[in-house]
Protein chains: 2
Amino acid sequence: MTQPNKATPAQGAAPHLEVIPLGGMGEIGKNITVYRSGDEIMVVDAGLAFPDSHQMGIDLIIPRIDYLQQNADLIKGWILTHGHEDHIGGLPYILPRLPKVPVYGAGLTLGLVREKLSEFGIRDVDTDLREVQMGDKVRIGTQFQVEFLRMTHSIPDNAGYILSTPAGVVLHTGDFKLDEEPSDGRPSDLARIEQAGKDGVLLLISDSTNAERPGRSVSEAEVARNLEQLIASCKGRVFLSTFASNVHRMQNIVQIAHRLGRRVVLEGRSILKYAQVAQSVGYMELPEPFLSNDEVGTLQDQQVLYICTGSQGQPMSVLPRLAFGNHAKIALRRGDSVILSSNPIPGNEEAVNLVVNRLYEIGVDVYYPPAYKVHASGHGSQEELATVLNLARPKFFLPWHGEPRHQINHAKLAQTLPRPPKRTLIAKNGDVVRLSQDDFKVTGTVPAGAVYVDGLGVGDIGDDVLLDRVNMSQEGIMIMTAVLHPTPHVEIVSRGFVRANRELDAQIRKVALDAVEQGTREKKRLEDVRDDMYGAVRRFVRKVTGRNPVLIPLIVD
Amino acid sequence: MTQPNKATPAQGAAPHLEVIPLGGMGEIGKNITVYRSGDEIMVVDAGLAFPDSHQMGIDLIIPRIDYLQQNADLIKGWILTHGHEDHIGGLPYILPRLPKVPVYGAGLTLGLVREKLSEFGIRDVDTDLREVQMGDKVRIGTQFQVEFLRMTHSIPDNAGYILSTPAGVVLHTGDFKLDEEPSDGRPSDLARIEQAGKDGVLLLISDSTNAERPGRSVSEAEVARNLEQLIASCKGRVFLSTFASNVHRMQNIVQIAHRLGRRVVLEGRSILKYAQVAQSVGYMELPEPFLSNDEVGTLQDQQVLYICTGSQGQPMSVLPRLAFGNHAKIALRRGDSVILSSNPIPGNEEAVNLVVNRLYEIGVDVYYPPAYKVHASGHGSQEELATVLNLARPKFFLPWHGEPRHQINHAKLAQTLPRPPKRTLIAKNGDVVRLSQDDFKVTGTVPAGAVYVDGLGVGDIGDDVLLDRVNMSQEGIMIMTAVLHPTPHVEIVSRGFVRANRELDAQIRKVALDAVEQGTREKKRLEDVRDDMYGAVRRFVRKVTGRNPVLIPLIVD
């Protein structure tokens with residue numbers, strides 16, 4: 001490096017590494033992490049997030065990638081930890097806007113990515129997907145070596161990684177739990193973490209999702225045992241709803257159904273998609289083929305089990321349609337059992353509650369946590385987080401994949417351990433976290449945040465548009481059209497304001513017209529007439545109704 | 001009764017009673033229960049509910065009382081079980097619309113009602129509030145005798161009641177838990193329930209809120225012990241947020257602060273109001289006067305405890321303003337402790353989570369359930385519900401104060417007991433539940449439902465208005481104004497649709513103008529020109545943006 005630029009350390013300085021989270025740091029969702037060493041960049045994941053209640057009408061959210069676009073020629077490679085939407089869901093929006101580089105991931109992960117890219121019409125030839133096995137090491141550019149690390153989670157082929165750089169070694173857990181009885185018999189590679197710890201881990205980046213939960217997470221095997229016991233007790237048809245991506249659970253349910261003499265019907269687009277991809281990469285074995293709903297006619301009720309979408313109450317998915325009687329082919333009835341093998345994701349509580357209440361009203365038997373232990377989180381609780389910290393013995397620590405409450409409780413947990421990290425940072429998206437063997441700090445920020453996807457639009461909705469949506473949702477909108485010629489008159493149209501009310505409309509029209517007539521008598525400019533009308537109506541409406549609808553004054557000259 | 005009308009039983013028929021829930025049956029909120037016996041009506045409570053996420057912009061919801069208005073002259077009296085908003089919050093809207101009748105309630109309940117009515121400008125002389133003690137019997141009309149029954153809950157002076165009617169005895173628990181260590185030393189009157197059970201309870205109406213929770217609820221005394229231990233460990237200032245109406249807890253905190261050498265500051269309107277009413281009726285003793293925030297200047301940090309509003313994340317309340325740095329006089333700082341002695345009410349999870357995360361970011365120490373057991377529900381769990389069922393031994397059972405999931409689990413619980421009810425009904429608001437010694441069934445319905453209160457308006461917002469709000473919140477709104485003379489042109493204004501986009505605006509204007517020009521060329525009627533413009537723009541916008549904003553076409557001739 002004979003021509004140092006501003007991103008290159010002065011000659012002789014200790015090598016350093018920059019970790020730049022563009023998503024997933026201080027939040028749960030839209031994970032994407034950038035590493036920069038020298039003049040090379042490596043990227044990890046590119047997820048999406050779902051809107052909160054104030055991001056009205058938004059379909060989904062992807063991370064801003066200005067930093068990557070500005071440094072596009074430095075990107076040497078990309079790795080994917082696993083196939084959940086919050087880690088790969090942003091790829092179809094992001095990959096096409098950046099140079100084609102190698103993208104490494106395990107079989108199921110890439111299978112899901114291929115499916116997703118093809119839905120978006122992105123051709124194979126425009127991407128460079130490279131499949132890896134757990135334990136594989138790949139070199140990315142000259143600065144990075146990545147070793148894929150098996151970690152258990154709620155989807156197969158989940159990886160953390162050990163990143164070797166000139167500055168030192170980073171151990172990133174990825175999303176994980178330490179499932180002691182994983183469905184595929186392959187537990188997290190704690191021996192490798194221990195070895196890395198002995199060799200020296202400069203930085204640990206670890207999953208903070210459940211840092212507030214004491215104890216250990218529940219094993220997927222325990223969930224399977226509880227499901228089997230429950231389903232064995234069901235007399236009629238069974239409808240089970242779970243996360244489509246939890247391929248191990250789906251596989252377990254298929255085996256349970258087979259043992260209990262039930263044929264399995266899959267209902268819902270995402271369940272079908274995951275099952276198909278999982279089969280194609282060898283992650284799902286079927287003792288008997290799936291049936292379609294049309295094929296169950298001759299079977300008795302206790303010979304059928306439906307696996308269906310809708311565990312989060314999403315309006316167009318199967319379980320809500322069943323609950324509200326909107327399914328074209330299937331009608332629930334007394335004697336059926338519905339199992340929610342899931343918990344509501346924060347934000348979905350109300351939608352799930354509506355579905356559950358409707359199921360009770362139909363008279364089906366409904367089973368769900370916590371009364372029935374038929375779901376387990378994919379993220380480790382405090383004992384598991386402590387185990388990783390104890391084995392990795394990092395010098396520096398970045399609690400990741402969590403909101404501030406989770407990050408800070410993870411940091412506090414680390415401080416209680418026998419060999420706490422020398423330094424822990426609570427970082428945010430866009431922070432440039434710079435580390436070397438001796439130093440670990442935030443040295444700057446780069447643009448980071450949310451790009452809203454709504455309908456076909458990506459990034460054409462900003463916070464101003466969302467604020468209008470929030471305001472209209474609270475108070476409605478009123479459009480006043482003042483026509484000046486030949487005789488001034490005013491038309492009022494409103495939506496979401498109050499029920500049709502002629503008397504109030506007439507009063508408002510009069511207030512608006514008075515303002516307009518006074519303005520024209522005084523020969524005011526049109527803009528001023530408009531503003532006068534706006535002000536007069538706003539004051540009147542506030543006084544009479546106590547409300548502040550969004551007001552739109554229009555003047556037709 | 002020599003002149004029977006349709007509501008009077010045929011001569012010689014067994015006397016019967018009608019129970020008509022107008023709110024609080026199949027939901028949690030806006031409780032109001034109507035009893036009718038012969039030609040007399042008695043009413044219990046008149047609460048409010050808070051909107052769900054689809055009832056956008058609504059301040060609060062009160063029950064429809066068409067049935068009471070239509071039978072106003074039959075109403076002989078009203079009783080109030082306790083002072084929570086979901087039991088008395090509807091009174092200022094409802095009482096003025098009905099004849100003045102005696103309203104019976106305990107001291108704190110009536111204190112809160114008086115405060116509330118005076119806020120609404122309702123004069124004492126227009127109501128007939130009559131204070132009762134627990135154990136008092138009052139006669140209402142000729143048909144009803146009500147005995148007030150002490151039941152513990154999260155507010156003092158909470159009552160169930162035993163209602164004697166010609167048809168038989170109804171035992172209504174009201175909201176309750178069976179707190180074995182209540183703060184005022186006065187537990188639920190189980191002996192009276194047992195006696196009623198021996199004498200014969202025809203119908204039990206019981207609180208279903210926590211029918212899905214196994215075991216017992218936590219005692220208020222246990223919460224106080226945990227709070228004392230926690231506060232004793234805090235080094236700096238303590239800010240504690242809880243439900244203002246939990247007067248016992250506030251009293252306990254005042255005592256704890258005194259023992260720990262902290263002076264108490266109350267912050268927030270509702271905390272101040274409840275403290276003042278509680279003191280006025282003798283339910284709060286102060287070892288030292290409260291201080292105002294201006295008076296704490298000379299005290300050290302560990303000598304101060306603030307009790308503040310905002311445990312539900314309500315934007316204008318104290319704790320959220322502290323968290324977001326918007327409080328005029330108080331700024332949180334590292335070293336402060338914040339205790340949320342509360343749980344988020346369903347629907348408030350996101351707002352509370354935002355506050356909690358901001359508190360962590362400030363660096364204060366934050367304590368909240370479940371990690372810290374500093375809150376207890378006011379509603380009994382399964383063991384408590386079973387105790388009441390076992391003692392009351394009702395012939396008929398109405399699970400009340402719950403959504404269908406809670407009602408049905410309460411019903412199932414009753415069936416597991418040694419002496420289950422002969423019949424249980426899952427009723428809804430508006431059901432006319434008719435019972436006699438031999439029969440118990442729904443015989444009809446009366447109007448019931450929600451009246452929305454928004455700003456100064458009561459009932460002027462209907463579901464159509466709410467649907468407009470939801471639609472605008474999802475997709476925005478676009479107003480197209482076509483001016484026909486002298487030359488046709490179109491103006492487009494949108495809100496909440498997309499960020500300002502001149503090119504798209506121009507395209508839409510052109511599409512609209514084409515439709516208008518064609519319509520005028522063909523000399524179509526104005527309505528048809530408007531509809532053509534609407535249709536053309538809708539199709540174009542959907543195709544280009546994938547969205548369906550609310551479209552408002554205006555034609556100015």
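Guide: Here is a quick tour of this predicted model. Ask away.

Visitor: What percentage of the residues of chain A count as buried?
Guide: 58% of the 557 residues.

Visitor: And what share of the contacts in chain A links residues 24 or more positions apart?
Guide: 72%, counting contacts with a separation of 6 or more.

Visitor: Switching topic. Where does UniProt place the "binding site" feature?
Guide: The unreviewed entry lists A:Ala244, A:Ser245, A:Asn246, A:His375, A:Ala376, A:Ser377, A:Gly378 and A:His379. Of these residues, A:Asn246 is included in the lining of the largest cavity.

Visitor: Take A:Ala244. Where is it in chain A?
Guide: A:Ala244 sits in the loop between strand E13 (238-242) and helix H7 (247-259).

Visitor: Is A:Ala244 buried or exposed, and why?
Guide: Buried, because its relative accessible area is 10% and the cut-off for buried is under 20%.

Visitor: What is A:Ala244 in contact with?
Guide: Leaving aside neighbours within four places in sequence, A:Met250, A:Ser270, A:Ile271 and A:Tyr274.

Visitor: Now A:Ser245. Which loop?
Guide: A:Ser245 lies in the loop between E13 and H7 of chain A. A:Ser245 counts as buried, because its relative accessibility is 11%.

Visitor: And the contacts of A:Ser245?
Guide: With neighbours within four places in sequence left aside, they are A:His84, A:Ser154, A:Ile155, A:Pro156 and A:Tyr274. A:Tyr274 is also in contact with A:Ala244.

Visitor: Why do the copies meet through the same surface?
Guide: Because 100% of the interface residues of chain A are also interface residues in chain B.

Visitor: Last one. At what angle do H6 and H7 of chain B pack?
Guide: Helix H6 (residues 220-233) and helix H7 (residues 247-259) of chain B pack at about 35°, with their axes 10 Å apart. The contact is made by residues including B:Val223, B:Leu227 and B:Ile231 of H6(B) and B:Ile253 and B:Ile256 of H7(B).

Visitor: What's the handedness of that crossing?
Guide: The crossing of H6(B) and H7(B) is right-handed.

Methods:
Residues numbered from 1 in each chain as written. Chains lettered and ligands numbered in written order. Predicted model: local features only at pLDDT ≥ 70, side-chain atom pairs only at ≥ 80, totals over all residues. Heavy atoms only, no water. UniProt positions renumbered as here; feature names shortened; annotations may be inferred. 1 Å grid on protein atoms, 1.4 Å probe; cavity = no way out; pocket = protein on both sides within 12 Å on 5 of 7 lines; lining within 4 Å. Helix = DSSP H or I, 4+ residues; strand = E, 2+ residues; numbered from the N terminus. Buried < 20%, exposed > 50% of the residue type's maximum accessible area, 1.4 Å probe, protein only. Contact = heavy atoms within 4.5 Å. Axes fitted to C-alpha atoms, helices over the stretch in contact; angles between N-to-C directions. Left-handed = near helix turned anticlockwise from the far one by under 90°.
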